[in-house]
Amino acid sequence: VRGGLSWTGWKDHVLVSVEGEKALDSRPRLLAGVEIGIPGWLWGRAGYRSGQDAGAGFPLGLGIRVSGWDVDYAFADYGNLSVTHRVTLGTRFGQP
């Protein structure tokens, strides 16, 4: 079972989300996050994850849009499994 809520406010500069899930064979998990930025250009992100054997904690991220391209960076600490750095490059088709 999974459910969540999100809220966008302050002239679309802030996004807050909370999600919970419970699989039949695992503990309940809580995921929460906030994104603050300048719409259409720059975003900072922070989150929280609970209920995982590895990776519970506070991931961080940054996103930037330049000439129709999105570059996103994310950092997450997975405890004994070390840290991850993720970089993605994306674009949107059919949207301004």
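Reader: How do the residues of the lining of the largest pocket divide into nonpolar, polar and charged?

Author: Keep in mind that this is a predicted model. The largest pocket has 29 lining residues. Six of the lining residues are polar and six are charged, and the nonpolar ones number 17.

Reader: Which residues lie nearest the centre of the largest pocket?

Author: Think of the space first: the largest pocket holds about 600 Å³. Among the residues around that space, the ones nearest the centre are Arg 45, Ala 46, Gly 47, Arg 49 and Pro 59.

Reader: Which strands each supply at least two residues of the lining?

Author: The chain has seven strands to pick from, and zero helices. Along the sequence that reads β-β-β-β-β-β-β. Those that each give at least two residues to the lining of the largest pocket are strand 2 (14-21), strand 3 (29-38), strand 4 (42-49), strand 5 (60-66), strand 6 (69-77) and strand 7 (83-91).

Reader: How many bridges join strand 6 to strand 7?

Author: Start with the direction: these two strands run antiparallel. As for the bridges joining strand 6 to strand 7, the count is nine.

Reader: Is Leu 5 buried or exposed?

Author: Leu 5 belongs to strand 1 (residues 2-9). A residue counts as exposed when its relative accessible area is over 50%. Leu 5 has 72%, so the label is exposed.

Reader: Which residues is Leu 5 in contact with, leaving aside neighbours within four places in sequence?

Author: Pro 59 is 54 residues along the chain from Leu 5, and their C-alpha atoms are 19 Å apart. For contact, heavy atoms have to come within 4.5 Å. With the neighbours within four places set aside, the contacts of Leu 5 are Val 16, Ser 17 and Val 18.

Reader: What percentage of the residues in the whole chain count as buried?

Author: Let's zoom out: the C-alpha trace spans about 45 × 30 × 25 Å along its principal axes. The chain exposes about 7100 Å², with 63% of that from carbon and sulfur atoms. Buried means under 20% relative accessible area. Of the 96 residues, the share that counts as buried is 19%.

Technical notes. Residues numbered from 1 in each chain as written. Predicted model: local features only at pLDDT ≥ 70, side-chain atom pairs only at ≥ 80, totals over all residues. Heavy atoms only, no water. 1 Å grid on protein atoms, 1.4 Å probe; cavity = no way out; pocket = protein on both sides within 12 Å on 5 of 7 lines; lining within 4 Å. Points joined across faces, edges and corners; volume = space filled by probe spheres on them. Helix = DSSP H or I, 4+ residues; strand = E, 2+ residues; numbered from the N terminus. Nonpolar A, V, L, I, M, F, W, Y, C, P; charged D, E, K, R; others polar. Buried < 20%, exposed > 50% of the residue type's maximum accessible area, 1.4 Å probe, protein only. Areas by Shrake-Rupley, 256 points an atom, 1.4 Å probe, with all protein chains shown as cover. Pairing = 2+ DSSP bridges.
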